[in-house]
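Subject: Structure handover

Hello,

Here is the structure, with the sequence, for your files.

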Amino acid sequence: MALILEEAVKSATDRSEKASAWVSPEQLQQRLDLDLGDTGESEEKLLQRCRDVIKYSVKTAHPRFFNQLYGGMEPYSTAASFITEALKPSIYTYEVAPVFTLMEKVVLKKLIEVIGWKDGDGIFNAGGSMSNMYAINLARFHHCPEIKELGMSACPRLVLFSSQECHYSITKAAAFLGIGTSNVYVVPSDKRGKMIPSSLEELILKAKSEGARPFMVNATAGTTVLGAFDPIDQIVAICEKYRLWLHVDACWGGAALLSKKHSHLVKGIHRANSVAWNQHKMMMACLQCCVFVVRDQTGLLQHCYSAKAAYLFQQDKFYDVSFDCGDKSIQCSRKPDAFKIWLLWKALGTSRLGQRVERALAMAQYLTQQIKAQKGFRLVMEPEYANVCFWYVPPRLRNVPDSADFWNKLHKVAPVIKERMVKRGSLMVGYQTHKDKANFFRMITISPQVTTEDMDFVLDEIHRLGQDL
């Protein structure tokens, strides 16, 4: 425990320490001695193994880690994670996880209330991709309940709709569930990355004219790259018109619900049939902490997923078996992830959670203004959320007019800077292309430990690492 606290918690959140200690895969394999042998090792050697694991791992809690849609150190959620690992529960029945079973129900009820539903159901699961799979499968079951017993032969050709900016888990789920990736109709997005409602309706009519049966629309609240929010209130009107299930992938943007200032971003979400929301992202709970909730009180989750395993879900138990929640889950063994957000919520309350969201977006706005003010930096677009996308233009390219040659040269800049920053260990910021755009940086601001000085450092460090390119 002393080793964990000193090296994985304190040192990993210290700005004077590196965010990463880069070593090539070949070298790292040699340094760690990963092979497993017939005999055990001494405790002293095992502790050194643990030190090495911490040393060579990326410090995602570091104040200058901006690489993913999560980051920062959350002490209350970390404490909850330690406790659950020590207790080693599995949350499928009340008899083996009484505290965590009740806790999950309370957290689900609170999240349902925040979304704006009077009632509902839900489940914590192992990731946003899993939540989206739950949504697609549940929407299909709602549309064609015979599929549970008879399989795809019971249904006509089913089609779902999602924007070109949606998370890749939508097409993965379509492949996994037997719907087929060709039956995911990709709806065009506007310049800001938002689904175009009129294009959605056109595609629905196209699918119907082909003899297919539309059953679901996936809207995104906070896209991965641009942080765009689909116009849910317009999309839901179309879904109601054609009797389609509306799922909102709010894994990233769901936290906007906690802020009075920014909740307009998810206007209309209360009219959705289901929502995916990852508390390990903007809310900073420890990974993984992800919820799928559905606006339903008919037991739809239970009917869809129940297998009635007699060795777990006996109906003649000595307590109220409605507290046995495992039969509505795809998983059998399942960690009590709700505890990670419950303890955090208990510590901060809804108001301070909302303030965290507002602070994160204020940091994004500060960075945006600094980008506008400094030579050599160009915004891809004004941020709507905590995603700040920008190019760094080295001095030798600053007087070059925009042309195919300019963008081809600029395209090569971000990967080199990323390599240098990772090897130096000073910070981590992601980069990517988007449609026809040259590689650009995507900064994600989340952690309340991050300051305006850190924002300034990011721009200064990128310039230092790339000024010779």
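A disulfide here is a pair of cysteine sulfur atoms within 2.5 Å. This is a predicted model, in which local features need pLDDT of at least 70 and side-chain atom pairs count only at pLDDT 80 or more, while totals for chains, interfaces and linings use all residues. Residues are numbered from 1 along each chain as its sequence is written, and side-chain values use heavy atoms, with hydrogens and water left out.

Cysteines

The structure holds 1 disulfide. C144 and C155 form that bond, with their sulfur atoms 2.4 Å apart. The torsion about the S-S bond of C144 and C155 is about -110°, so the disulfide is left-handed. C144 sits in the loop between α6 (128-143) and α7 (147-150), and C155 in the loop between α7 and β3 (158-163), so the pair ties together parts that are 11 residues apart in sequence. Helices (H or I, at least four residues) and strands (E, at least two) are DSSP runs, numbered from the N terminus.

Both C144 and C155 are buried. For accessibility, buried means under 20% relative accessible area, exposed means over 50%, and partly exposed is in between (1.4 Å probe, protein chains only).

What about C251, which is in no disulfide? The nearest cysteine sulfur to that of C251 belongs to C290 and is 6.6 Å away. C251 is buried, with a relative accessible area of 5%.

Backbone

A cis peptide bond joins L287 and Q288, with omega about -15°. Q288 is in the loop between β7 (274-278) and β8 (290-294).

Two residues other than glycine have a positive phi. For D33, phi is near 50°. D33 is found in the loop between α2 (25-32) and α3 (43-56), and is partly exposed, with a relative accessible area of 39%. For R243, phi is about 55°. R243 lies in the loop between α10 (232-242) and β6 (245-249), and is exposed, with a relative accessible area of 76%.

Regards
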